[in-house]
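Hi everyone, thanks for coming. Today I'd like to walk you through one chain, taking one term at a time.

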Amino acid sequence: MTQKVVSIHEAVMRKQNFGQERNSFIRICNEATNEDICKYKLGESFSIEACIEFGHLYKRNNQQRL
């Protein structure tokens, strides 16, 4: 299982959070085709967050799952 996390570098020092960023999003894509597997927009609901755990990738029956 692989844990996926996204954060703002030096967020505390810079006093930043995801709610301050316009059009921010997280995504997982297929590198071979550049197609999005999963995409999630980060809006005002993340206005106090500077780090987010957004998924776990794991393999079952030889297929990757999110």
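Let's begin with a word we will need: a residue is buried if its relative accessible area is under 20%, exposed if over 50%, and partly exposed in between, using a 1.4 Å probe and protein chains only. Ser24 has a relative accessible area of 14%, so Ser24 counts as buried. Please keep in mind that this is a predicted model, where local features need pLDDT of at least 70, side-chain atom pairs count only at pLDDT 80 or more, and totals for chains, interfaces and linings use all residues. Residues are numbered from 1 along each chain as its sequence is written, and side-chain values use heavy atoms, leaving out hydrogens and water.

Where does Ser24 sit? You will find Ser24 in strand β2, which covers residues 24-30. Strands here are DSSP runs of E with at least two residues, helices are runs of H or I with at least four, and both are numbered from the N terminus. Which residues does Ser24 touch, not counting those up to four places away in sequence? They are Phe18, Lys41 and Leu42, where contact means heavy atoms within 4.5 Å.

Now the whole chain. It has one helix and five strands, in the order β-α-β-β-β-β. Of its 66 residues, 20% count as buried. Among contacts between residues at least 6 apart in sequence, 54% join residues at least 24 apart. Finally, the C-alpha trace spans about 45 × 20 × 20 Å along its principal axes.
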